[in-house]
Amino acid sequence: MQLGIVGLGRMGGNIARRLLADGHRCVVYDLDRRAIDALTSQGAAAAESLVDLVHQMAPPRHVWVMLPAGVPTEDAIGALAAAMARGDTVIDGGNTYYRDDVRRAKALKAKGLGYLDVGTSGGVWGLARGYCLMVGGDREAVDRIDPILRSLAPGIGTIPITPRADDADPRAERGYIHAGPVGAGHFVKMVHNGIEYGLMQAYAEGFDILRGKGSPALPPEERYDLNLADIAEVWRRGSVIPSWLLDLAAQALAADPNLEGFSGSVADSGEARWVVEAAIEEAVPADVLATALFARFRSREQHTFGEKLLSAMRFAFGGHVEPGARD
């Protein structure tokens, strides 16, 4: 299947690579010519502009936008909509606010264009591991890009199958779902990211407590010089709190036990704020998610070892470099 891809950063470039490896045709565009050249050397077709990207594709066209939420995505979708023809579809795979999806879909529908929103999780590891995909939009439009979604998703792999109803959608086991109408994909991904904040904060605080047990403020007989890398490693094996985030924390602690390569100033990319807003609108208590978000705000004023571990996990799964961190 052919797919246009706009935005070849940490995730967009690897999405193209994964699709090319599975036999799809990709027409790619980015403001950075080096990013385009890196993919053309692997078989992608280069576009000189968004208009050129559209012209190189046969209708019906599907163009995946993988840009930062807000103005960059808004501008790119506006330019694509002006160049595309009735029956074409824009796919937003970034971390867009779901209400922006609803608004854009209405505007594009008036021009005869389709719109899908894809919550995309996988970070810099998606090329090798595959991407967890949460898709919003019309069922027919989702079904048309199923070959793309199937190639990007991890597949069943070695994860044990959960006993489910006979009529359960098998796509969930393969790593992608049709979440619902337009906006639903990004809404589900938004909540996913809020949960991610809470999990990361729990690990960060726990390891901060473990490290603090060596404090000179404690009675000498109650001080423990604990090996945090060993603790992270043993928790990965047979405990009830393993996760990929713990795997990444273990790797970070093994490589840099004092996490000196991380500042502890932890950014938030927006989704957790939207989750807290949704919780307020729905009158749903979200104590952990809200606290985890506020902890990131505080991290920019005062840095703890736990916040350095948050930085280390963000760098490991998403390539995020915090202000004042690594050279």
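This is a predicted model: local features need pLDDT of at least 70, side-chain atom pairs count only at pLDDT 80 or more; totals for chains, interfaces and linings use all residues.
User: Why is Q2 called buried?

Analyst: Q2 has 17% relative accessibility. Buried means under 20% relative accessible area, exposed over 50%, and partly exposed in between, with a 1.4 Å probe and protein chains only. At 17%, Q2 therefore counts as buried. Q2 is in strand β1, residues 2–6; strands (E, at least two residues) and helices (H or I, at least four) are DSSP runs numbered from the N terminus. Beyond its neighbours within four places in sequence, Q2 contacts R25, M57, A58 and P60, where contact means heavy atoms within 4.5 Å.

User: What makes the peptide bond from P59 to P60 cis?

Analyst: Its omega is near -5°, and the bond is cis. Most peptide bonds are trans, and most residues other than glycine have a negative phi. P60 lies in the loop between α3 (50–55) and β4 (62–65).

User: Which is T89, buried or exposed?

Analyst: T89 has a relative accessible area of 1%, so it is buried. It lies in strand β5, residues 89–92. Residues up to four places away in sequence aside, T89 touches R61, H62, V63, M84, G114, Y115, L116 and R144.

User: Why is α12 called roughly perpendicular to α15?

Analyst: The axes of α12 (residues 244–255) and α15 (residues 305–318) come within 9 Å and cross at roughly 110°. That angle makes the two helices roughly perpendicular. The classes are roughly parallel under 35 degrees, roughly antiparallel over 145, roughly perpendicular from 65 to 115, and oblique for the rest. Axes are lines fitted to C-alpha atoms, for helices over the stretch in contact, with angles from 0 to 180 degrees between N-to-C directions. On the α12 side the contact is made by W244, L245, L248, A249, A252 and L253, and on the α15 side by F305, L309, A312, M313, A316 and F317.

User: How many polar and charged residues are in the contact of α12 with α15?

Analyst: There are no polar and no charged residues, and 12 are nonpolar. Nonpolar covers Ala, Val, Leu, Ile, Met, Phe, Trp, Tyr, Cys and Pro; charged covers Asp, Glu, Lys and Arg; the others, Gly among them, are polar.

User: What makes α10 and α14 roughly perpendicular to each other?

Analyst: Helix α10 (residues 184–212) and helix α14 (residues 287–299) pack at an angle of about 70°, with axes 8 Å apart. They are therefore roughly perpendicular. G194, I195, Y197, G198, M200 and Q201 of α10 meet V288, L289, A292, L293, A295 and R296 of α14. By class this contact has 8 nonpolar, 3 polar and 1 charged residues.

User: Why is A267 called partly exposed?

Analyst: A267 has 28% relative accessibility, so it counts as partly exposed. A267 lies in the loop between α12 and α13 (271–282). Leaving aside neighbours within four places, A267 contacts Y197, R296, R300, R314 and E322.

User: Which are L259 and A283, buried or exposed?

Analyst: L259 has 0% relative accessibility and counts as buried, whereas A283, at 66%, counts as exposed. L259 is in the loop between α12 and α13, and A283 is in the loop between α13 and α14. L259 has a positive phi of about 50° although it is not a glycine; A283 has a positive phi of about 55°, and it is not a glycine either.

User: How many disulfides does the structure hold?

Analyst: It holds 0 disulfides, a disulfide being a pair of cysteine sulfur atoms within 2.5 Å. C26 has a relative accessible area of 1%, so it is buried, while C132, at 35%, is partly exposed.

Conventions: Residues are numbered from 1 along each chain as its sequence is written. Side-chain values use heavy atoms; hydrogens and water are left out.
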